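Me: I am new to this structure and would like to go through a few parts of it. Could we take it step by step?

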Amino acid sequence: QVQLVESGGGLVQAGGSLRLSCAASGRTLSSVDMGWFRQAPGKEREFVARITRSGGNTYYADSVKGRFTISRNNAKNTVYLQMNSLKPEDTAVYYCAGRRAGVGSYDYWGQGTQVTVSS
């Protein structure tokens, strides 16, 4: 079993930056594909980014491509989401998630961290 804890959320002005962290315990992250998702009020949860277990491949939603960067440090069992050029529409609760398989649903979820971008 893997426990995931996000941190780094907060309030930032449009155009600003935040870095989210997702710390894992209970299992080494090197065997787990990791992703970030977000859910805005009144909307469904949506995919933001994911990174393969080795860190060799990354994938992004079109809405964040070029502004967000996902990375991981398997030695620290931590995944990051660097968010630059933030927009008010990026306001949401951000969740990290992990899955043992390379495809399909995610097996592990964090509790989420709030990101609020003011205009």
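Me: Which residues does Arg-50 touch, leaving out those up to four places away in sequence?

Reply: This is a predicted model. In it, Arg-50 touches Asp-33, Met-34, Gly-35, Asn-57, Thr-58, Tyr-59, Ile-70, Arg-99, Gly-102 and Tyr-106, with residues up to four places away in sequence not counted.

Me: Where does Arg-50 lie, and is Arg-50 buried or exposed?

Reply: Arg-50 lies in strand β5, residues 46-51. Its relative accessible area is 17%, so Arg-50 is buried, the cut-off being under 20%.

Me: Ile-70 was in that list. Which strand holds Ile-70, and what does Ile-70 touch?

Reply: Ile-70 is in strand β7. Not counting residues up to four places away in sequence, Ile-70 touches Met-34, Gly-35, Trp-36, Ala-49, Arg-50, Ile-51, Thr-58, Tyr-60, Val-79, Tyr-80 and Leu-81. Ile-70 counts as buried because its relative accessibility is 3%.

Me: What separates the C-alpha atoms of Ile-70 and Ser-54?

Reply: A distance of 13 Å separates these C-alpha atoms, and Ile-70 and Ser-54 are 16 residues apart along the chain.

Me: Back to strand β7. Which residues make up its covered face, and which its uncovered one?

Reply: Strand β7 covers residues 68-73. Phe-68, Ile-70 and Arg-72 form the covered face, whereas Thr-69, Ser-71 and Asn-73 form the uncovered one.

Me: How many bridges join β7 to β8?

Reply: Six bridges join β7 to strand β8, residues 78-83, and the two strands run antiparallel. Phe-68 has Met-83 as its bridge partner in β8, and Ser-71 has Tyr-80.

Me: What do β7 and β8 form together?

Reply: They form a hairpin, with four residues between the two strands. Asn-77 lies in the loop between β7 and β8.

Me: What is the phi of Asn-77?

Reply: The phi of Asn-77 is near 55°, a positive value in a residue other than glycine. Most residues other than glycine have a negative phi. Asn-77 is also buried, because its relative accessible area is 15%.

Me: And Ser-85: where does it lie, and what is its phi?

Reply: Ser-85 lies in the loop between β8 and β9, the latter spanning 92-99. Its phi is positive, about 50°, although Ser-85 is not a glycine. Ser-85 is partly exposed, with a relative accessible area of 42%.

Me: Now the sheet. In what order do its four strands come?

Reply: The order is β1-β3-β8-β7, in an open sheet with antiparallel pairing. The edge strands are β1 (3-7) and β7, and each of them pairs on one side only. From one strand to the next, the twist averages 15°.

Me: Changing topic: how many disulfides does a search of the whole structure find?

Reply: The search finds one disulfide. This disulfide joins Cys-22 to Cys-96, with an S to S distance of 2.0 Å. The pair links distant parts of the chain, as Cys-22 is in strand β3 (residues 18-25) and Cys-96 is in strand β9, 74 residues apart.

Me: Why is the disulfide right-handed?

Reply: The torsion about the S-S bond of Cys-22 and Cys-96 is about 55°, and therefore the disulfide is right-handed.

Me: Is Cys-22 buried or exposed, and what about Cys-96?

Reply: Cys-22 is buried, with a relative accessible area of 0%. Cys-96 likewise counts as buried, at 0% relative accessibility.

Terms used: Residues numbered from 1 in each chain as written. Predicted model: local features only at pLDDT ≥ 70, side-chain atom pairs only at ≥ 80, totals over all residues. Heavy atoms only, no water. Buried < 20%, exposed > 50% of the residue type's maximum accessible area, 1.4 Å probe, protein only. Pairing = 2+ DSSP bridges. Disulfide = S-S within 2.5 Å. Contact = heavy atoms within 4.5 Å. Axes fitted to C-alpha atoms, helices over the stretch in contact; angles between N-to-C directions.
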